[in-house]
Amino acid sequence: MNLWRNIKGTFQPFWVTLRYLFKRPVTISYPEQKRTPPPRYRARMILTRDPEGEERCVACHLCSAACPVDCISMQAAERENGRRHAAWFRINFARCIYCGLCAEACPTLAIQMSPEYELSNRDPLKLVWEKEDLLVDHGGKDPDYNFYHHSGIGVVAPRGGNDDELPPVNIKTNLP
Amino acid sequence: MTDLLLTGLLILIKLGMVLAVLLTMAAYLVLAERKILARMQRRYGPNRVGFGGMMQPLADLIKLLTKEDFLPAQADKWLFLLAPGLAAVTALLAFAVVPFGPPLELFGRQIPMVVCDLNVGILYFFGLSSLAVYGVALGGWASGSKYSLLGALRAMGQMLSYELAMGLSIIPVILMARSFSLTEIVEAQASLPFALTNPLAFGIFFIAALAESKRTPFDLPEAENELVAGFHTEYSGMRFGLFFVGEYINMVVLGAIVTSLFLGGWHGPLLPPIVWFFGKVLAVAFTFIWIRGTMPRLRYDQLMAFGWKALVPLALVNLLATGGILLWLGGAS
């Protein structure tokens, strides 16, 4: 009957709340207890190095172009051997929304997202991180990848010198 | 002359003690409510200030006292300033007639453990509980805000729908105890509390008391999802604090009234009477919190319909039945 259902529906919840009163809270008391985020967690970005220990970033500006909040800026420069790098690389974590589009846009796998999430600070200026703060001395999730061994013609290896590269074709030989 | 002075002094001491105990209880009831509600939702609740959050009421008090006392430009100044006091004072005054223990024998004098044993104690409580609505209604009206006005309107409508049922549910108690004085009503329950002899009246009174304390499921006047904060939307600082603490004092007082009217007051085996009294009051308060943790808010018309179509007829039938049974049991005395 409807009335019986209503009465039951009124009193059953009391039993539920009473039962929950004695269950353990699911709260993680943050500063004392910290949860380990999963390895692919998307928190602050890092700048990785290639297997030779060189900076992977080639200052192509793709990340700052992809960034929806425009928090990345850099100055491109070139070494004597033709290798491009960022003279300075700056990210404003006060603006960053941790969307990971920069890491997706990065052609050299330099930018990767790390699970380090404790960035809060009382001084917003301390949230502007420079290249020195971001650079790490490992290759991140793909340690063997070396951009200049696949592209960057004739910079670190002579033309056709890379493993997956054919020697350059002499176009004159194709002439009839 | 010295006798009169001594009586006056005793009343003052009792007043001070009751005030201190009542305010402390109200403050810690806020904390208890937040903690119990949190545990019902599998959270911890406030646990940072002091040991396990025990200093939270003090922190809240300091925060409220140091906040700006804001007066809206559209407000009716004097009513706006007075209303929170009215809400808190009526709640405090109502406790005066509640007996919290058996008379104490001290230096050959009988000291009744009640601030003032009025022979029309119940009517006094009723008068004050009706006055308390003025604090809400005037505060909401004087704010000059639509949300406040709607909250005040709802408070008035709510009062109209529960008060009659509340009054009608007390009459059987008065019939059974043959007195309007709360002390004598408690005395009449020495063997059996009225909650057992007349459970229907107890249920109706309890629901009406819930509505009186403006708590879920009857927290329509402050319904935060639709009216921001209802009648106290425009209040800030300690004026909001007075409304807030008034609500919790009201909860303690209603707990005490329910205890005295239906749960046998300070009567109980083994433990000292004062422990029984406070234990019962706290049990009622816990039930209030439990209900808040469980029930959703009723709609405005649902409360009206429930009050007028269910509670009032039930209370009337109960009144007739109780009167009939008493007549049949005791004859026409």
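Start where chain B meets chain A: in this predicted model, 6 residue pairs are in polar contact between the two chains, both partners at pLDDT 80 or more. To see who supplies the chain B side, colour helix H1 (2-40) and helix H11 (273-294) of chain B, which each give at least two residues to the side touching chain A. H11(B) has the largest share, with 5 residues. By type, that side of chain B divides into 7 nonpolar, 2 polar and 4 charged residues.

Now zoom in on Glu32(A) and Arg48(B). They form a salt bridge, with their closest N and O atoms 3.3 Å apart, and the count of salt bridges between chain B and chain A is 1.

Next, show both sides of the interface. You'll have 13 residues of chain B in contact with 15 of chain A. Together the chains bury about 1400 Å², with 65% of that on carbon and sulfur atoms. Pick out Arg42(B), Tyr44(B) and Trp290(B): in chain B these lose the most area to chain A, together 44% of what that side buries.

Time to go inside. Which residues have the most contacts within the largest nonpolar core? Select Phe95(B), Phe205(B) and Leu261(B) to find them, in a core of 67 residues. Then highlight helix H10 (residues 237-262) of chain B, which gives the most to this core, 11 residues.

Stay with Phe95(B) for a moment. Beyond its neighbours within four places in sequence, Phe95(B) is in contact with Val18(B), Leu22(B), Phe100(B), Val253(B), Ala256(B) and Phe277(B).

Last stop: another core lies apart from that one, with 23 residues, among them Cys63(A), Phe89(A), Ala110(A) and Leu127(A).

Definitions and conventions:
Residues numbered from 1 in each chain as written. Chains lettered and ligands numbered in written order. Predicted model: local features only at pLDDT ≥ 70, side-chain atom pairs only at ≥ 80, totals over all residues. Heavy atoms only, no water. Core = buried A, V, L, I, M, F, W, Y, C linked by side-chain atoms within 4.5 Å. Buried < 20%, exposed > 50% of the residue type's maximum accessible area, 1.4 Å probe, protein only. Helix = DSSP H or I, 4+ residues; strand = E, 2+ residues; numbered from the N terminus. Contact = heavy atoms within 4.5 Å. Buried area = accessible area lost by both parts, 1.4 Å probe. Salt bridge = Lys/Arg side-chain N within 4 Å of Asp/Glu carboxyl O. Polar contact = N/O pair within 3.5 Å; in protein donor to acceptor, adjacent residues only side chain to side chain. Nonpolar A, V, L, I, M, F, W, Y, C, P; charged D, E, K, R; others polar.
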